[in-house]
Structures are given as structure tokens and as C-alpha cells.
Amino acid sequence: MANEISDTELLATQQDLISSIVLETLKQKAFLIPTVRQVQVAGGQKSVAIPRRTQLSPEDKLENTALTAQEITFATDILNLDKKKAIYSKIEEIPELQANVGVEAELVREMAEELALQVDRDLISCLALASAAGPDHQIDPFAAGKVSLEDFTEAGKLLDLQSVPRGDRFALMSPVEYKDLLDEDKITSVDRFGVREPINEAEVGQLFNFRIMVHNEVAAGDVFFYHKNHCAYAQQLGATFKQDQDLSNDAREFLMKMVYGVKDLDSGKRGVKLTIV
């Protein structure tokens, strides 16, 4: 048996390296995935049903009086796997050969970062879908023109009234609103506002059980308070990378794609949208 390393082994090693770059980049740059519910899906599915159930209520047992039979019912939120995103690029081999940077590695990272950013954009659109009536979770700011501590307590109250768990709550805002929050006179303690173990670099602090996330893709004037089960994310095809030769142009073609879906859950009752005009 030959001991030489073959082209096949080199290609496999190259693909493994590229895959590791893609996975690591997505993990680092898709900031909002860890803040929502992640649902497992398999091939052969175009959508996935996410069940939710009604609550039972304890009652007093009176002498010689029968208890009332209670039923638990289930409803479903349908998450469609309809986000089919791809990025295609082409590099001529002579310019790539003469470049003083690793063009292919930079291209792979850029593709992965842009796909991660697109996932975050879709999740931000989902997080904006707070209930508008019964209950109304779309609120105005306590202080005109800016976010304040009172907005956090109001959002917390609304979620409490819907029996939303106090753990895994998040507040997502733009850098503009984050600065306004830091300028609040009432925020005087770093320990109170800081966070010891951030999910990723988008998390900047914690306040009243809300882990604060700052993202450039959030429109100025919007703040989203939500529980992890406010939106769901399902990934059917992780970011895959392919390349091929374009002989007529003496170039290489590159393609990165992924298939996923997002869905707001429970009619938006687990989220609150603050709109600052």
C-alpha cells in the first residue's frame, strides 16, 4: 500500500478545514440563535409543528361534591422551512494567485458572516411580532424619546401576567437605545447592570431578569423584550460550501447555502415590542 498523501485526502482535509471555518463563523456571528427556541428537523419535511397546551387549574375538594373533569388541549404553531438562502461568487485564478491575502479563506468567512447576519435579520423580524390585542404587548416608552428602566419593569409585568417564566428573558435593542439606557441616572451599579457569562459578544448586560442584547440590524426606536420561547428557529440544512471550476473563465466558482425557518409562537404573547417615536 502506498504511503503518499493523495489528492483525495488533501481535498477531504481542505473541505474539513472549510467546514470548521463556516461552523465557527456562524456560531460567533449568528448572535440571536441562542436567544430563541431551537427546533430539530429532518430531511423530507417542509414544515414542523410546534405544540403548545392549555393549563389545568387546581380546585377545592368539597365534601360529597364531585370534582370537575378538566381537559388538556393542544394547539400547534407551524414553522415553515421556507428560508432558502445562498451566496454565489467567482474568483479568477491568476488574480487570486497574485493576491497577497488568502482570498479563498476570506471569501468563506465573508459568506458565512453574511448568512449569519441574514438569519439574525429574519429573527429580528420574528421578534417584532408581539401580540397587538388580547393582550396588547405593543407599548410606548415611559419617557418620551428614549428607553428607560420603567420600560423594563412594564415589559416584565406584561410577561408576568401571561405566566411567562422569568428565566431566559432578553431585551434586544440598537446601539442608539443602548446608549440612552447607559445614560440613565438610575443605573449606578456595574454589578447590577453587568453580566458575568455573556452568550456572545452581542450581550452587554442584564437588568431586571432581562439579558440585554445589542444588534446593529435592529432599527433605531425599536426595543424587543421577549422570552426564549417567543420565536423558534429550525435549521434543515446547515451552511454548506461547494466549489467548482469555470474553465472558460479560468476561474473558480463558490457557493454557500442553507435552509431554515423562523416562527413566532403563542400568538406573540411571550414578547413585548417597545416603539420609540
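Strand S10 gives the most to the lining of the second largest pocket, with five residues. The model is predicted: local features need pLDDT of at least 70, side-chain atom pairs count only at pLDDT 80 or more, and totals for chains, interfaces and linings use all residues. Residues are numbered from 1 along each chain as its sequence is written, and side-chain values use heavy atoms, without hydrogens and water.

A pocket is an open set of points on a 1 Å grid over the protein atoms alone, where a 1.4 Å probe fits, with protein on both sides within 12 Å along at least five of seven lines; lining residues have an atom within 4 Å of a point. The second largest pocket has 16 lining residues. Ile33, Gln38, Tyr233, Gln235 and Gly238 lie nearest its centre. Helix H1 (7-29), strand S1 (37-39) and strand S10 (231-246) each give two or more residues to this lining. Helices (H or I, at least four residues) and strands (E, at least two) are DSSP runs, numbered from the N terminus.

Six strands form an open sheet with mixed pairing, in the order S5-S12-S9-S6-S8-S7. Two strands pair if DSSP finds at least two bridges between them. S7 and S8 (residues 210-214) pair in the antiparallel sense over four bridges. Glu203 stands opposite Met213 in S8.

Thr35 lies in the loop between H1 and S1. Leaving aside neighbours within four places in sequence, the residues in contact with Thr35 include Phe170, Met213 and Tyr226. Contact means heavy atoms within 4.5 Å.
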